[in-house]
Amino acid sequence: MPGFNDVAWFEIGAADPAAAERFYGDVFGWKTAQDESASTDPAYRVINTGGSRGGLATGTEDYAIFTVLVEDVEAACKRAEAAGGRVQRPPAVNPVGVTFAHLLDPAGNRFSVFTPPR
């Protein structure tokens, strides 16, 4: 696992996840599979790049974001707001215990922060 304040995960949102899997597989050789240790949601599959991991989220929105490992999600949200950013999705805990939030930098670029289960 990377250290705190390092990019430790990425997420790709896709309205057509099969097309996204094909694209990233064809371009980079990435493999996508269900991984219950990362998410129990069948609409969220794990991408293995061969060197790092990320997630493929099925939904109505297409996006790609990076995720930073932090010690405290709420504190990171407060620091982001103090620096001119915004909290787009407030801190939440997923079913496997990951605490996360989605943020916007001052230019509107989306990224997320997380802490692993305790």
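Visitor: Which residue in S5 stands opposite Phe10?

Guide: Happy to start there! This is a predicted model, where local features need pLDDT of at least 70 and side-chain atom pairs count only at pLDDT 80 or more, while totals for chains, interfaces and linings use all residues. Residues are numbered from 1 along each chain as its sequence is written, and side-chain values use heavy atoms, leaving out hydrogens and water. Strands are DSSP runs of E with at least two residues, numbered from the N terminus, and opposite Phe10 in S5 stands Phe66.

Visitor: How many bridges join S5 to S8?

Guide: Two strands count as paired if DSSP finds at least two bridges between them. With S1 (residues 7-14), S5 pairs in the antiparallel sense over six bridges. S5 and S8 (residues 110-115) run parallel, with Thr67 opposite Ser112 in S8, and the number of bridges joining S5 to S8 is three.

Visitor: How many of the seven residues of S5 are buried?

Guide: Buried means under 20% relative accessible area, exposed over 50%, and partly exposed in between (1.4 Å probe, protein chains only). S5 covers residues 63-69 and is mostly covered. Its count of buried residues is five.

Conventions
Helix = DSSP H or I, 4+ residues; strand = E, 2+ residues; numbered from the N terminus.
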